[in-house]
Every structure is written in structure tokens, then in C-alpha cells.
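Let's take a friendly walk through the charged side chains of this protein. Have the sequence and the model open beside you as you read.

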Amino acid sequence: MVQVLAELDLVVSKSYISSDGGWVMDAFHVTDQFGHKLTDKGLVHYIQQALCEARSSKGISNDLELRSCNGLPGSNLSVSALNFAIELTTRDRPGLFLDISTALLGLGFNISSATVWTHNERAACIIHVEDVNKLGPIHVAESLAHLQEELLKVVKARDGEEEKKRARLRLRRIAAGRNHTERRLHQMMYDDGDYEMCGAWQGEKENGRDGIEVSVGRYAEKGYWVVNVRSRDRPKLLFDTVCILTDMQYEVFHAAVITNTSMTDQEYFVRRKGSLDLENESERQKLALCLIAALERRVSHGLKVEIRTEKRMGLLSKVTRVIGENGLSIAKMEIGVEGETAIGSFYLTNCSGEDVNPNIEELMRIETGGSVTANYISPYRVPKPMLSSSSRSNMHERKSSSHVRRKPSLGSMLWSQLECLTHNFRPI
């Protein structure tokens with residue numbers, strides 16, 4: 001359900017969730033990206049249908065490993081009717097995506113779309129390729145096997161045998177309408193262990209970058225872990241949090257999410273599937289670190305460069321070459337096509353730690369021959385108008401009192417909201 005709201009770019013300002021005792025009551029307070037109420041009846045109806053469909057989904061798997069015993073795609077598999085994505089996790093380094101795009105082009109494959117995340121010196125990318133000669137999906141299993149083998153050589157050539165063993169590369173079937181790239185990137189980076197370099201333990205809390213605070217306590221009476229997350233508000237914050245809880249096999253029984261000005265407080269009452277052990281200290285710390293990693297991955301600092309130009313062969317290879325020649329690294333990237341137009345966004349950082357040379361905008365415009373814009377954009381949501389001094393004082397008093405109490409600070413709010421909700425239920 002959260003994924004549905006994220007795909008529609010809706011802003012969740014508050015959320016109350018309860019699923020104990022065989023009943024489910026979920027409430028999401030949403031607006032559009034500009035903070036306006038949703039007034040389009042068609043959109044409201046679509047949200048209702050999509051949420052009902054999400055509730056009844058059986059979670060059909062859309063993964064197909066094309067591997068035989070030797071780790072290469074099996075030649076006996078029929079691939080004529082399938083589209084594939086290349087999934088790669090490896091060490092992040094300058095020039096990585098230039099090497100990948102150049103290698104693919106040399107093998108006769110053009111990148112039609114790609115999404116890249118980097119975090120804690122690790123990189124994850126999902127790449128869709130097409131045959132240069134046929135301009136469509138790749139149909140021959142032998143070609144896929146050769147592609148996989150050559151990409152592994154690229155990783156080994158630059159990072160050595162040890163990284164080749166850690167790096168993961170696979171081909172994955174993409175079923176129409178059942179693929180969510182960002183959801184998959186979260187899974188890939190979690191499996192790769194990017195969370196291991198996160199956080200700094202301070203008392204009972206883990207602190208991440210940009211003011212992220214995570215604490216995991218015990219509610220022994222009900223057998224829950226109580227997870228509290230405080231961070232700056234930004235788009236898809238709830239989605240990123242729920243993703244990692246799901247990937248770590250935690251079930252959410254109760255939750256409350258509240259955004260005040262520029263900060264968001266999230267509280268979850270969770271249990272690990274098949275386990276009621278609340279004494280596992282290492283698991284508690286791992287959960288805190290993984291939550292920090294999930295919230296940090298999407299946040300990209302640096303110069304955002306957006307391009308819009310005519311679709312053509314080798315475009316990504318040319319763009320990444322310009323980026324590399326100017327001593328820049330790609331922190332995050334997304335590129336795709338709309339008809340005959342290629343559209344992409346790149347978050348660029350300087351390898352030396354200095355500001356990115358603004359001339360990169362003109363250099364990329366010359367190379368692509370299209371429209372290019374470059375700006376420094378905050379990944380966080382712009383705060384609403386400031387509160388009055390009396391309101392700020394009251395909010396500070398409430399915050400101070402919440403630190404005194406050992407019980408979860410949002411729990412009472414959750415229950416009171418759920419009581420109000422029960423009076424307003426109607427069938428969808």
C-alpha cells in the first residue's frame with residue numbers, strides 16, 4: 001500500500017497503522033507534492049482501487065535466476081518472450097559506469113535505461129539493454145551469457161579477485177507491470193551489506209548522517225520491538241522505511257508517522273517473522289543500522305544535472321566519459337527514454353571534495369546536443385511557514401516531556417487516532 005502512494009508521488013504527512021487481533025485499520029493523511037488536498041475524483045477512485053488491489057495481492061514472484069551450476073545462464077531456457085534487467089552490486093569508484101557502458105557498447109548492446117544508487121562506497125545499478133542491430137529485447141541465451149561474463153571481467157580488472165567474489169551480477173526477468181526499480185535497489189544494497197558502515201552508537205541510539213536518529217527498544221509485555229526513527233522530512237521517507245522492515249522479515253503491527261515542519265517522527269511496533277526473541281542485542285543493532293542505511297541511500301548531495309536529448313546509440317557512454325574526464329563521480333543516476341527522446345538525471349560530486357565545476361553543464365550540452373540544466377537541489381522537503389513563538393514553545397514542551405516518559409511517545413496518539421477512525425469507516 002505504501003508503494004502505491006509512493007508511485008503516485010503523494011506526500012504522507014501522517015499515518016496510523018494497526019493490525020492486531022485479526023483486524024486492520026490503516027490511515028494515511030496525504031496531499032499532492034505541493035501540499036494541496038486531492039480534489040480529482042478520478043484520482044481518488046484510482047487510489048481506492050489500487051489500495052484494495054495491494055491489500056489482496058498474493059505477492060507473485062517476478063524473479064527468474066538464469067543460472068546453471070557454473071553460474072552462467074542455462075542454454076536450455078527459453079528467453080524469446082522475456083525482457084531482462086542486468087543487476088549489479090559492486091564497489092563504487094570513479095569511472096565505474098563509464099567502464100560498464102563502454103563494455104556493453106563494445107559487445108553490441110545499447111543501454112536503453114539505467115538507475116544507479118551509491119552508498120557507503122558501494123554501488124547498485126539496474127540496467128536495461130537492447131541489441132544495437134535490432135533495437136529491441138535480446139532473444140538469445142548465449143548472448144546473455146557472454147554479456148554476463150564480460151561484465152564480470154570489467155569488475156575484476158579494476159577491483160581485483162576479492163571484489164569479484166563479493167560483487168553480484170545477475171540477469172532478472174522483468175514481468176510487465178510488476179517491476180519496481182527503487183524497491184529492488186533497496187533489496188540489492190541490503191543484500192550487499194551497505195549498512196555495515198552506518199551509524200555511530202550513542203547510548204541506546206544509532207545516529208546516521210543528516211540528523212537521522214534510530215532507537216530500538218523492547219515492549220516485553222506484547223513481545224514487540226519498538227522502533228523509533230527521527231529524521232528530516234523528504235519524499236518517499238515512509239516507503240524507504242517500510243522497505244527495509246519488509247526485507248528484514250519484520251511485521252508491522254502498529255505504527256504512527258507524524259511530520260512537524262521539517263522533521264518526521266516514525267514509530268513502529270514490530271515482530272520478526274517466526275521469532276519472539278527480544279534479547280538478541282546484535283539483531284537489535286543490525287535493525288537500527290539497516291534503517292539508517294535505508295534512509296541515507298536515496299539522499300544525494302551534489303550537483304544535479306538533467307539532460308533531455310535525442311535518443312541515440314552510445315549516449316550514456318559519451319555522457320559518463322565527459323563526467324570522468326572532469327574528475328567527477330556519479331552519486332546517483334537515472335536515465336530512460338520517452339519515445340525518441342532520452343531523459344536523464346545525474347547527481348555529480350567532485351572526487352577531491354571540492355564543488356563541482358559549473359562548466360560541466362556546458363560540456364554536457366555540447367556532447368549531447370540537447371537541453372541540459374544543472375542546479376544544487378536539497379533532497380529534503382521545504383518546511384511549511386514558521387509557527388508562532390507560542391506554538392513553538394508548546395511543541396518544545398511536548399517534545400521535552402516525551403523524553404521523560406519511558407513509554408513510546410507516539411503510542412497514546414496512535415490509540416486515540418484509531419478510536420476516532422473506527423467511527424468513520426465505510427466500505428470502499
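## A buried arginine and its partner

R93 counts as buried because its relative accessible area is 6%, where buried means under 20% relative accessible area, exposed over 50%, and partly exposed in between (1.4 Å probe, protein chains only). R93 also forms a salt bridge with D99, with 3.1 Å between the closest N and O atoms. The term salt bridge stands for a side-chain nitrogen of Lys or Arg within 4 Å of a carboxyl oxygen of Asp or Glu. Side chains of opposite charge can pair when their charged atoms come close.

A word on the model itself: it is predicted, so local features need pLDDT of at least 70 and side-chain atom pairs count only at pLDDT 80 or more, while totals for chains, interfaces and linings use all residues. Residues are numbered from 1 along each chain as its sequence is written, and side-chain values use heavy atoms, leaving out hydrogens and water.

## Around helix 5

Helix 5 covers residues 181-192 and includes R184; helices (H or I, at least four residues) and strands (E, at least two) are DSSP runs, numbered from the N terminus. R184 counts as buried because its relative accessibility is 9%. Its side chain makes a polar contact with that of E87 at 2.9 Å. For a polar contact, a pair of N or O atoms lies within 3.5 Å; within protein, one must be able to donate a hydrogen and the other to accept it, and residues adjacent in sequence count only if both atoms are side-chain atoms. Beyond its neighbours within four places in sequence, R184 is in contact (heavy atoms within 4.5 Å) with E87, I126, R170 and R172.

R183 forms a salt bridge with D247, the closest N and O atoms being 2.9 Å apart. This pair links distant parts of the chain, 64 residues apart: R183 sits in helix 5 and D247 in helix 6 (residues 237-247). Are these two partners buried or exposed? Both D247 and R183 are buried.

E281 and R284 meet through their side chains in a salt bridge of 2.6 Å, N to O. Both lie in helix 7 (residues 281-297), three residues apart, about one turn of the helix. E281 is partly exposed because its relative accessible area is 31%, whereas R284 counts as buried at 9% relative accessibility. Elsewhere, salt bridges that share partners join E182, R234, K236, D240 and R298 into one network.

## The whole chain

The structure holds 24 salt bridges. The chain has eleven helices and 16 strands, and buried residues make up 44% of its 428 residues.
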